[in-house]
Amino acid sequence: MKIKYFAWIKNITNTDSEEISNKNIVDIESLKIYLCKKYPKLENHILKDQIIRISVNLEYTSDNIILTNKDEIAFFPPVSGG
Amino acid sequence: MIKIQKEDFNLENEVNLIKSKYTHIGAVSTFIGYVRDVNTNKKVISINLEVYEEMAIKSLSSICEQSKKKWNLIDSLVIHRFGSLSVNDKIVLVATFAMHRENSINACSYIVDYLKKDAPFWKKEFYEKDSAWL
């Protein structure tokens, strides 16, 4: 699956996108756990204060939906356009 | 129509481009967002706008389509810039085209509200000595 990061989240991951393939990642929650292990500084934002928003295939989601290897998941802070 | 671009835009040209296609447009409402030189008491020098382009096009297209049905719009236009912008630069244009003013005004306001709340754009402000993501 393709993971994208935006705004200040990129400062934590040091990349704006990456391909991840791991049999333990089956849904949003398991992906969050995987990413927090890979990038410990994400934990405060993803698991604790939960300010990071998530999209799957260009749609916002707040549910723990099932993921497949073809999905594109993005993590980003609250938006500030306009 | 949705345009995500680095380049500046000309309000009159953009409106006329759509207006010239239809003779039954009686009302056009527009909103333009600019880079201002102050935010929370800090002097802003410039900003950098980041966008998740594919998602922005999809979500703004969807909101414009909803607005078209809800307010019987004839057409709509959203231009949102990205990249480095200076104070006084234009950031965004929302224009709505309808037969009557109530529909164009309400639809324009609705699209701007959506854009501020949910469209995937992020601003980084640059001050005299430091910078911050909003």
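# Group meeting: a two-chain predicted model

From the N terminus on, chain B runs β-α-β-β-β-β-α-β-β-β-α-β-β. In total that is three helices and 10 strands. Before going further, please keep in mind that this is a predicted model.

On overall dimensions, the radius of gyration of chain B is 16 Å, close to the 14 Å that the globule rule gives for 134 residues, so chain B is as compact as a globular protein of that length. Along the principal axes, its C-alpha trace spans about 50 × 25 × 25 Å. Of the 134 residues, 33% count as buried. If you take the contacts in chain B with a separation of 6 or more, residues 24 or more positions apart account for 73% of them.

Now chain A. Here we have three helices and five strands, and along the sequence the pattern reads β-α-β-α-α-β-β-β. The radius of gyration is 12 Å, close to the 12 Å from the globule rule for 82 residues, so chain A is as compact as a globular protein of that length. The C-alpha atoms of chain A fill a box of roughly 35 × 25 × 20 Å along the principal axes. Of its 82 residues, 23% count as buried. For contacts in chain A between residues at least 6 apart in sequence, 49% join residues at least 24 apart.

Next, the sheet in chain A. Five strands form an open sheet, in the order β2-β1-β5-β3-β4, and the pairing is mixed. At the edges sit β2, residues 17-19, and β4, residues 59-61, each of which pairs on one side only. On average, neighbouring strands in this sheet are turned by 25° against each other, direction ignored.

Let me go through some of the pairs. Strand β1 of chain A, residues 2-5, pairs with β2(A) in the antiparallel sense over three bridges. Within that pair, Ile3(A) has Glu18(A) as its bridge partner in β2(A). Moving across, β3 (residues 53-56) and β5 (residues 72-76) of chain A are antiparallel, with four bridges between them. Val56(A) stands opposite Ile73(A) in β5(A). Then β3(A) is joined to β4(A) by three bridges, again running antiparallel, and Ser55(A) stands opposite Tyr60(A) in β4(A). What do β3(A) and β4(A) form? They form a hairpin with two residues between the strands, and Asn57(A) in the turn has a positive phi of about 50°.

Back to chain B, and one of its sheets. Four strands make up an open sheet in the order β7-β5-β9-β10, with antiparallel pairing. The edge strands are β7 (83-86) and β10 (131-133), and each pairs on one side only. Strand β9 of chain B, residues 121-126, pairs with β10(B) over three bridges in the antiparallel sense. There, the bridge partner of Phe126(B) in β10(B) is Ser131(B).

Asn88(B) lies in the loop between β7 and β8 of chain B. Is Asn88(B) buried or exposed? With 9 other C-beta atoms within 10 Å, Asn88(B) is exposed, because the cut-off for exposed is 12 or fewer. Beyond its neighbours within four places in sequence, Asn88(B) is in contact with Tyr34(B) and Val35(B). The C-alpha atoms of Asn88(B) and Gly33(B) are separated by 9.5 Å, and these residues are 55 apart along the chain.

Finally, how the two chains meet. The contact takes 12 residues from chain A and 20 residues from chain B. By class, the side of chain A that touches chain B has eight nonpolar residues, four polar residues and no charged ones.

As background, nonpolar side chains in soluble globular proteins tend to be buried together. In this model the largest nonpolar core has 46 residues, of which Phe6(A), Phe76(A), Val94(B) and Ile111(B) touch the most other members. The largest share of this core comes from strand β8 of chain B, residues 90-98, which supplies seven residues. Which residues is Phe6(A) in contact with, leaving aside its neighbours within four places in sequence? They are Ala74(A) and Phe76(A), together with Glu50(B), Tyr52(B) and Trp122(B).

Key:
Residues numbered from 1 in each chain as written. Chains lettered and ligands numbered in written order. Predicted model: local features only at pLDDT ≥ 70, side-chain atom pairs only at ≥ 80, totals over all residues. Contact = placed C-beta atoms within 7 Å. Nonpolar A, V, L, I, M, F, W, Y, C, P; charged D, E, K, R; others polar. Pairing = 2+ DSSP bridges. Axes fitted to C-alpha atoms, helices over the stretch in contact; angles between N-to-C directions. Core = buried A, V, L, I, M, F, W, Y, C linked by C-beta atoms within 7 Å. Buried ≥ 20, exposed ≤ 12 C-beta atoms within 10 Å, placed from the backbone. Rg over C-alpha atoms; globule rule 2.2 N^0.38 Å.
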